[in-house]
Amino acid sequence: MKFEMKNHLKPCAAVSIAIMLIALVLTLTGNGMNLGIDFTGGTIMTYNMGAEFSTDDITAALDACGIADAQIAKTGDAGTQVQIRISDKENTDDLRDALEEELAKTYPAIEYVDITRVGAIAGRDLISNAIKSVTLAAVLMLAYIAIRFDFFSGLAAIIGILHDVGIMLSFAVIFSSFIRVETTFIAALLTIVGYSINNTIIIFDRIRENSHKTGVRSLPRDEIVNRSVTESLPRTLNTTVTTLLTIVTLYVLGVDSIKQFALPLIVGIVAGTYSANLINGYVWAAMMSLRTARKKARA
């Protein structure tokens, strides 16, 4: 039995809007994103443990000092250094003495290496630059797609990008226990902008081809989109599944810093595939039909 795509724009859009509204409500009630110290400000302490160590031991030492939300990462070529990030709300001087005392019980050869203070202004600059980058990319993509296809194709593609970014941000709010918003999250966000537009352009290219085929161009635009998405679906699914296998493997086997990049990327890839196949083309068809109806009304 041959599978054929159908127009489900309204229910698909409703699902996306519902997810974003849930995230908005959570944010307004004080349950927003889990921001890392790149955005809130904090302190980064680095120690050489003198031997191979377990991050569980570091977590236990931090718990003993009353710190539950620190970020821990192994550093150094030999893997014997630990980098501990804590927020500004903690008293760093008192914590350092207590932490070194606790760690020395398990790792007597521990040595202090460095301490760095990070201001919240770095996060604000990062957010500002990310917004500028996405805005510039959207404008240039709109111009490119409008020239290559038509203006409404470009507009539909930009709506798709905003949808994917919105879904990623919403999931960062809803699953704040698993997703920490750091520089890696911004990197994943910008990566998805490119991934999403690539899927969309492939489908729009197929729509343009079908729109000029004899026996197809006379069909309603929804039907042309159905056929185009159906024809592109095997390629889209193969690419998406292959990419997801790699990213999911990274998430399962990777360290915490890799997971903080991989999880938003997984969400973005799924959202990008979803919007490219179920939303963007049908938004284009709706806008084109609306334009045709207005022209007929004027005539």
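Predicted model: local features only at pLDDT ≥ 70, side-chain atom pairs only at ≥ 80, totals over all residues.

Modeller: Residues are numbered from 1 along each chain as its sequence is written, and side-chain values use heavy atoms, with hydrogens and water left out.

Biologist: How many residues does helix H6 have, and what span does it reach?

Modeller: Helices (H or I, at least four residues) and strands (E, at least two) are DSSP runs, numbered from the N terminus. The expected span of a helix is 1.5 Å times one less than its number of residues. H6 covers residues 151–174, which is 24 residues, and its first and last C-alpha atoms are 34 Å apart, close to the expected 34 Å.

Biologist: Is H6 mostly covered or mostly uncovered?

Modeller: Buried means under 20% relative accessible area, exposed over 50%, and partly exposed in between, with a 1.4 Å probe and protein chains only. In H6, 17 of the 24 residues are buried, so the helix is mostly covered.

Biologist: Which residue caps the N-terminal end of H6?

Modeller: Asp150 does, with a side-chain oxygen 3.0 Å from the backbone nitrogen of Phe152.

Biologist: How is the packing of two helices described?

Modeller: Two packed helices are described by the angle between their axes and the distance between the axes. Axes are lines fitted to C-alpha atoms, for helices over the stretch in contact, and angles run from 0 to 180 degrees between N-to-C directions. Helix H1 (residues 9–28) packs on H6 at about 45 degrees, with the axes 9 Å apart. That angle makes H1 oblique to H6; angles under 35 degrees count as roughly parallel, over 145 as roughly antiparallel, 65 to 115 as roughly perpendicular and the rest as oblique.

Biologist: What is the handedness of the crossing of H1 and H6?

Modeller: A crossing is left-handed if the near helix is turned anticlockwise from the far one by less than a right angle, and right-handed if clockwise. The crossing of H1 and H6 is left-handed.

Biologist: How do H7 and H8 cross?

Modeller: The axes of H7 (residues 183–211) and H8 (residues 221–253) come within 9 Å and cross at roughly 150 degrees. H7 is therefore roughly antiparallel to H8, and the crossing is right-handed.

Biologist: Where is Thr184 placed, and which residues does Thr184 contact?

Modeller: Thr184 is in H7 and is partly exposed, at 22% relative accessibility. Leaving aside neighbours within four places in sequence, Thr184 contacts Ser257, Gln260 and Phe261.

Biologist: Is Thr46 buried or exposed?

Modeller: Thr46, in strand S2 (residues 42–48), is buried, with a relative accessible area of 9%.

Technical notes: Polar contact = N/O pair within 3.5 Å; in protein donor to acceptor, adjacent residues only side chain to side chain. Contact = heavy atoms within 4.5 Å.
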